[in-house]
Amino acid sequence: MEIIEILKSLEPKKALAFGIGGGGDIVSTIPVANFLSHFGFETLHGTVVWDRIVLDPKPGPRPLDELVNIQRINETVGIANENTRTIDGITPNAARAAKHLGRVVALDLTKNVSALADGIRDFADREGISIVVGVDAGGDAISVGFESGVRSPLADAICVAALKRIGGIVAVTGFGSDGELRIEELLLNISYILKNGGFLGCSSLSRKDYEEMRKVIKDVTTEASLIPLMAFEGEMGLKKLRKGRSALVTPLSTLIFYFKAESVFEINQAAKIIEKARNFEEANSLLHVEGILTEYDFEKAVSGEL
């Protein structure tokens, strides 16, 4: 597998794996970090500071300015710990995960793609990080953006565009565990990435991954990262998720797919649409122009802000 050759060749052996679709995706960085450890990598875990409304009632991502007890690194990167809170007292998933994973890299999506990419690059340079992996639980990061089931394209689009700029990797876990892309849509989009030479290989959930993830989800709020654990336990079939969605649990749910971020960007039209947006609000508006609704729209509607 190409991912193996890449990992063997990189120095220094230090990585950042961060959840890109929401705060709960940090749980899915665990099998990625454990896979990288087989090649001598020390991996820092991270996530975007955007938790679903069941945890944080404020719509949209949180800027680092709205967090307390956090170490600021630069404009878009901070280090959260288990005592990190929002200014209104919410314990974000980044802090919940820090209880188990130690220091957690917290990423601010409220600026723009350029600021996020620059912040990650600056942090990687400071820490001696040679590889950055954005981890998406479910697979909508490899959506085109116009598929009928896509409900949360915005966070993924911002992160895919930023990862493309820094030469990063996109890892997809759960194979449809977010209930957004149909299996045939996932397979079709993976075939496009294969044609572009962007498929790097797969790993699979191990017993160690399973046990560590089980511990973390006692504190971290997530649905999509739970599906691979159910599959590892031998479950099979449709499972109901929030917002009336359902996800198919199969043995494929235990696989982790690795892709070049630049190849994911080539098929992800939402990422292309928002790449030049000046800020988060403009990015959301640009998707509206193309007829794409987002997780931010849903959260504003539920909270009565629309």
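**Close-up views of a predicted model**

**View 1. Helices α4 and α5 meet side by side chain.** Helix α4 covers residues 113-127 and helix α5 covers residues 153-165; the two pack at an angle of about 55°, and their axes are 9 Å apart. Because of that angle, α4 is oblique to α5. The crossing of α4 over α5 is right-handed.

**View 2. A cavity lined by ten residues.** The whole structure holds two cavities of 30 Å³ or more, and this view looks at the second largest cavity, with about 40 Å³ of space. Its lining includes Leu109, Lys111, Asn112 and Val113, along with Ile158, Ile274, Ala277, Asn279, Phe280 and Ala283. By class, seven of the lining residues are nonpolar, two are polar and one is charged.

**View 3. A cis peptide bond at Pro12.** Here the bond joining Glu11 and Pro12 is cis, with omega at about -5°. To find Pro12, look in the loop between α1 (2-9) and β1 (14-19).

**View 4. Asn69 and its positive phi.** Asn69 belongs to strand β3, which covers residues 67-72. What is the phi of Asn69 near? Phi is near 60° here, a positive value in a residue other than glycine.

Technical notes. Residues numbered from 1 in each chain as written. Predicted model: local features only at pLDDT ≥ 70, side-chain atom pairs only at ≥ 80, totals over all residues. Heavy atoms only, no water. 1 Å grid on protein atoms, 1.4 Å probe; cavity = no way out; pocket = protein on both sides within 12 Å on 5 of 7 lines; lining within 4 Å. Points joined across faces, edges and corners; volume = space filled by probe spheres on them. Nonpolar A, V, L, I, M, F, W, Y, C, P; charged D, E, K, R; others polar. Axes fitted to C-alpha atoms, helices over the stretch in contact; angles between N-to-C directions. Helix = DSSP H or I, 4+ residues; strand = E, 2+ residues; numbered from the N terminus. Parallel < 35°, antiparallel > 145°, perpendicular 65-115°, else oblique. Left-handed = near helix turned anticlockwise from the far one by under 90°.
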